[in-house]
Amino acid sequence: MVVTSTDNLESEASDNFTYDRTAEVKAFDDTKLGVKGLLDSGVTKIPRMFHHAKLDTNEISISDSKFSVPIIDLQDIDTNSNLRAEVVDKIRSACMEWGFFQVVNHGIGVEVLDEMICGIRRFHEQDDEVRKPFYSRDSNKKVRYFSNVNPFRGKGANWRDTISFFLTPDPPNPEEIPVVCRDIVMEYSKKVRALGYTIFELFSEALGINPSYFKELDSADGQFLLCHYYPTCPEPELTLGTSKHTDSDFMTILLEDQMGGLQFLHENQWVDVHPVHGSLVVNIGDFLQLITNGMFVSVYHRVLARHTGPRISIASFFINTSPHGTFEVVGPIKELLSEETPPIYRDTTVKDVMAHYFDEKGLDGNTPLQPFRL
Ligand SMILES: O=C(O)CCC(=O)C(=O)O
């Protein structure tokens, strides 16, 4: 939190005796209308549950980093083997050095991407009474609307709302998907899943392993979407849209609108991901870092809160959260190990890492892989 004067310090200290965070979070959660509902109610100051303790101006300023995320063109990779080899080289260095890249000419039409963003915006901007019934804290639900994974945990909450869809391997009934985005969620998720398999194949080629390695890996064979809505924020210097974290999956493919705000950490600097219309952002998740024995890197990223908005993003996570996937033992790929490159991670399961992430850790800014290092 930014403290600007001694007066503020004193009033904060006396507030600490009376402030009941759990009650504030409960009252917020009970509205079932998320951050959008707060803003619609006319707030001009953000409630204290959203304050992030360690933010100062350096921490939240727009990056002026000289770095930019690699852009990789997937045009003609299925018909031109020279081009494909070049793309595989670019992907290998992007995954080893950056953990993030953008893809263009990936085969998903721009009209599908735009309609997906519009569909998610339509959901979040529906009348209160229509979106409220989807609000739930039951993580077993295949379709649910919520604000923050666990706002009760005691850390500063994020200025954002989400609707999630757990789609593969056990899809919901189409009727469970809100009608304002049903058709496009089904179409977009199918197309992005196919793109995911293509990128997994390119990863295998970059690693020099069997091209169908990921297809045969049960724990990677799943997909869920988190579809975020970041309302405008009246005090963006006090909070974040998404806290610093890494993704606990194999790979994430992100669709974002043109608002910007996503940053990833590279050589200790926050690098802005500048939205490119029609592109998708790909980032490496913790499990890919684990099975590549640290060769591919899962990097920290976050989303700034902004005066401008709303911002819409759709993150597709590739990981199998069904029992079939979560109990499979995964560890560093044997072909990548040698006497010179011994395993640096122990074998584990998606279930163990997820339990650590959701039950104990949350978005606390530390990598969830730490306890799995040898
Ligand atoms: O909204 C974004 O751009 C990123 C979201 C994200 O990092 C996440 O859902 O894990």
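1. Q263 in β8 (262–266) has D272 as its bridge partner in β9. The two strands, β8 and β9, pair in the antiparallel sense over four bridges; two strands are taken to pair if DSSP finds at least two bridges between them. Helices (H or I, at least four residues) and strands (E, at least two) are DSSP runs, numbered from the N terminus. β8 and β9 form a hairpin with two residues between them.

2. This is a predicted model, in which local features need pLDDT of at least 70 and side-chain atom pairs count only at pLDDT 80 or more, while totals for chains, interfaces and linings use all residues. Residues are numbered from 1 along each chain as its sequence is written.

3. The turn of the β8–β9 hairpin holds E267, with a positive phi of about 45°, although E267 is not a glycine. E267 has 9 C-beta neighbours inside 10 Å and counts as exposed. The classes are these: a residue is buried if 20 or more other C-beta atoms lie within 10 Å of its own, exposed if 12 or fewer, and partly exposed in between, with C-beta atoms placed from the backbone.

4. K32 is another non-glycine residue with a positive phi, here about 55°. K32 sits in the loop between α2 (21–31) and α3 (34–40). With 17 other C-beta atoms within 10 Å, K32 is partly exposed.

5. An open sheet of eight strands has mixed pairing and the order β1-β2-β10-β7-β12-β5-β4-β3. β1 (71–73) and β3 (143–146) stand at the edges with a single partner strand each, so one side of each has no neighbour in the sheet. Neighbouring strands of this sheet are turned by 25° against each other on average, direction ignored. Strands of a sheet pair through backbone hydrogen bonds, either parallel or antiparallel.

6. Within this sheet, β7 (251–256) runs antiparallel to β10 (residues 280–284), and four bridges join them. M251 has I284 of β10 as its bridge partner.

7. Helix α5 (residues 81–97) touches β1, β2 (100–104) and β10, and its direction makes about 160° with that of β1. α8 touches β4, β5, β7, β10 and β12, and its direction makes about 135° with that of β7. For these contacts, two residues are in contact if their C-beta atoms, placed from the backbone, lie within 7 Å. Axes are lines fitted to C-alpha atoms, for helices over the stretch in contact, and angles run from 0 to 180 degrees between N-to-C directions.

8. β4 is mostly covered: eight of its eight residues are buried. On one pairing, β3 and β4 are antiparallel over four bridges, with Y145 opposite I163 in β4. On another, seven bridges join β4 to β5, which run antiparallel, and F165 stands opposite L225 in β5.

9. One joins T168 and P169, with omega about 10°; P169 is in the loop between β4 (161–168) and α8 (182–207). Another runs from G309 to P310, with omega near 0°; P310 is in the loop between β11 (301–304) and β12 (311–318).

10. Which residues surround the ligand? They are L226, H228, T242, D247, L254, E256, L262, H301, V303, S313 and A315, where a residue is near a molecule or strand if its C-beta atom, placed from the backbone, lies within 6 Å of it. β5 (223–230), β7, β11 and β12 each supply at least two residues of this shell. By class, the shell has five nonpolar, four polar and two charged residues. Ala, Val, Leu, Ile, Met, Phe, Trp, Tyr, Cys and Pro count as nonpolar, Asp, Glu, Lys and Arg as charged, and the others, Gly among them, as polar.

11. UniProt, in an unreviewed entry, lists residues 221–321 as "domain: Fe2OG dioxygenase". UniProt positions are given in the numbering used here, feature names are shortened, and annotations may be inferred rather than shown by experiment. Over residues 221–321 the chain is 6% helix and 46% strand, and the end C-alpha atoms are 9 Å apart.

12. P343 lies in the loop between β13 (329–330) and β14 (348–349). P343 counts as partly exposed, with 17 C-beta neighbours inside 10 Å. Not counting residues up to four places away in sequence, P343 touches N293, G331, P332, L337 and L374. P343 and I291 are 52 residues apart in sequence and 9.4 Å apart in space, C-alpha to C-alpha.
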